Protein chains: 6
Amino acid sequence: MIYITRRETFNAAHRLFKPEWDDAKNLQVFGKCSNPNWHGHNYVLYVTLKGELDPTTGFLVNLKDLSKLIKEKVTDKLDHKNINLEVDFMQGRIPSTENLAIGIWEQLQQPVSELGAALHCVKIAETENNFAEYYG
Amino acid sequence: MIYITRRETFNAAHRLFKPEWDDAKNLQVFGKCSNPNWHGHNYVLYVTLKGELDPTTGFLVNLKDLSKLIKEKVTDKLDHKNINLEVDFMQGRIPSTENLAIGIWEQLQQPVSELGAALHCVKIAETENNFAEYYG
Amino acid sequence: MIYITRRETFNAAHRLFKPEWDDAKNLQVFGKCSNPNWHGHNYVLYVTLKGELDPTTGFLVNLKDLSKLIKEKVTDKLDHKNINLEVDFMQGRIPSTENLAIGIWEQLQQPVSELGAALHCVKIAETENNFAEYYG
Amino acid sequence: MIYITRRETFNAAHRLFKPEWDDAKNLQVFGKCSNPNWHGHNYVLYVTLKGELDPTTGFLVNLKDLSKLIKEKVTDKLDHKNINLEVDFMQGRIPSTENLAIGIWEQLQQPVSELGAALHCVKIAETENNFAEYYG
Amino acid sequence: MIYITRRETFNAAHRLFKPEWDDAKNLQVFGKCSNPNWHGHNYVLYVTLKGELDPTTGFLVNLKDLSKLIKEKVTDKLDHKNINLEVDFMQGRIPSTENLAIGIWEQLQQPVSELGAALHCVKIAETENNFAEYYG
Amino acid sequence: MIYITRRETFNAAHRLFKPEWDDAKNLQVFGKCSNPNWHGHNYVLYVTLKGELDPTTGFLVNLKDLSKLIKEKVTDKLDHKNINLEVDFMQGRIPSTENLAIGIWEQLQQPVSELGAALHCVKIAETENNFAEYYG
């Protein structure tokens, strides 16, 4: 069993906001992260796969294929976007770092398996101080 | 002459957008950075001061005073904000990294001189790949 | 199950030193890390929690609450201190990176559970080249 | 059970290349990584050990001993070398990041056990975006 | 006057080697950097431009144009290549970090001026510990 | 004219403290940095040289010679030491980051000139947020 990780980045706007709550309640729970005019981050995404080494190539999977897949399924949908308004797989979810990790996992699990490996972990850093990890 | 630098960070939303242009023209010039629904960044700010060392303290200025000043004049106004809509000193300016550096310089030049040093450089990184520097 | 991590920093002095041994023996085992006049580090601390996502907020726990807790229980006690002489929870322990990880774990395990999550890992970097991790 | 990690670096040349294939087939599978004139990387290696803390020293193992061991068994053999041509433990293997992690594991497993700990993980970063991990 | 910097990366093989000298002399002067079987690095390149801000766009130059230019003139020629054997603008030069900075400067000076700015600095990091800068 | 930089690190203890002042006054001016029991840092030092390229080698100076010189004159004196008590060239000086940069400059200026280059800048980072630079 071998593990490989690909790092990708995207820049996006978001707002922590629960539609069922009024602004005062959102502000109380989410603080400045609930600013109605949005704020944003340079997100750093780490996608880890596990599986058996292919003895023909010495690869688990070709990292170029993985990078292309992450761009197609995840970062092209998120980069320079508003996560609350424009990202299909985040609709109906508060765009916390935790929910982003889960949403990205759901985007990648099936396509990664078609590359011949299993998705092991989606890790996402919102800032240099805050990370979330999801293992399914 | 000695130089000291304080690093601070802030997270904000913005859009590269010229009101005199329609969306098609903005998109042509600014690309995805002009997304009408905004995007955002973890900005990293480096403020460099120069001057004579104070022989009593071994400091140019106390970096705690500098940090407090940057927070008050700059990062409290930018952090978790929309630069286009909510930041007083950026009104009427396209929020490019270059204009941010100039805007921040203007906020800091006079207050820094009251600390007993001269503002030497404002450097701002929008991503790990893009920086702007302004020396006045 | 979701995992979140908060990064915090502190700067402290220490000395690897066993009181039962004389200076020659301490020097033999610990080398320059046993300098009687102390040395110090910029420590980087990563605290990882695990648990079920709160569907109301999209959070495992609010990272601001976690940051506040780490400051209160750990970094306020360590920052700009002498670990051998001034840190209550490190008394009687050689302040190796390993023992720091264990000591910080003991400080956080109970309070973290009151936030509604389980402490998963305490990771501490003494330098850019040396880390310790403790999982309880 | 405690975990410690030592970070080491080395700079080397390599080529992803399967001798049984002709250049066209190698190029098709490995792309520019198969350039016959070689290319190279600044590799970053993380070696993680696990075991019981030695109560006498507060160490799992002395990180200086671990660093010396990694240099002797691994990085002195790789640093400023051509991995395909000059590294004994990589002969007969395509020098992918995955195979490097496995090869380094095999070099370290027995010697690390003589230090009084178990090898837990070999992680190697080929670039800031690509990592492999091996746990045996 | 405003300064902007674009960071780009490339991975390449090289050898410090003076054809007029025999291997013994090369080894004596360049040490392990003269290994006849090559070694390599993940180079990090910083290209800094200076000039007057364009008031229409808030840009000195569009960093996408600069990035495209650097790729075309510099990094596409260097990435996954052997600097001694395959890079036209480095022929006849020992591929030290200093000479790389000068060679890249010569590639960029004229094309950058056509973007409407002046090339200010080419900085290149060979490792995390070694940099060269050239200002023309 | 070419510029080269070597990065080195050292870990040390210090205390911002003016012997002419009592503890209350020291605490008022220097805050927690004046803790009588010391604290410490992982310092990062950048030494930049300038001069004419040696056409024979493609070097300004051999970075191995520079690294050896910095170790001998600077970091061997500082690493794992107490800057206030044990570092000869810092005696009689408050060990602020500014004074460290000046003290290190004075240690290196003459020896660097014997390598055939001029010392251009000593930059020292006390933390990831605080730097000082001295250009003589």
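**Strands and an interface**

Modeller: Strand β2 (residues 39–51) of chain A and β4(A) pair in the antiparallel sense over 7 bridges; strands pair if DSSP finds at least two bridges between them. Strands (E, at least two residues) and helices (H or I, at least four) are DSSP runs, numbered from the N terminus. This is a predicted model, in which local features need pLDDT of at least 70 and side-chain atom pairs count only at pLDDT 80 or more, while totals for chains, interfaces and linings use all residues. Residues are numbered from 1 along each chain as its sequence is written, chains are lettered from A and ligands numbered from 1 in the order in which they are written, and side-chain values use heavy atoms, with hydrogens and water left out.

Colleague: How many residues of β4(A) are buried?

Modeller: Buried means under 20% relative accessible area, exposed over 50%, and partly exposed in between (1.4 Å probe, protein chains only). β4(A) has 8 residues and is mostly covered. The buried ones number 6.

Colleague: What area is buried between chain C and chain D?

Modeller: Contact means heavy atoms within 4.5 Å, and 21 residues of chain C are in contact with 20 residues of chain D. Buried area is the accessible area (1.4 Å probe) that two parts lose on being put together, summed over both. Carbon and sulfur atoms give 55% of it, and the total is about 1,600 Å².

Colleague: Which residues of chain C lose the most area to chain D?

Modeller: Three residues together account for 35% of what the chain C side buries. They are Glu98(C), Asn129(C) and Phe131(C).

Colleague: Which element gives the most to the side of chain C that touches chain D?

Modeller: α1 (23–30), α4 (97–114) and β5 (130–134) of chain C each supply at least two residues of that side. The element that gives the most, with 5 residues, is β5(C).

Colleague: Which residue of chain D stands opposite Asn130(C)?

Modeller: β5(C) and strand β1 (residues 2–14) of chain D run antiparallel, joined by 5 bridges. In β1(D), the residue opposite Asn130(C) is Arg6(D).
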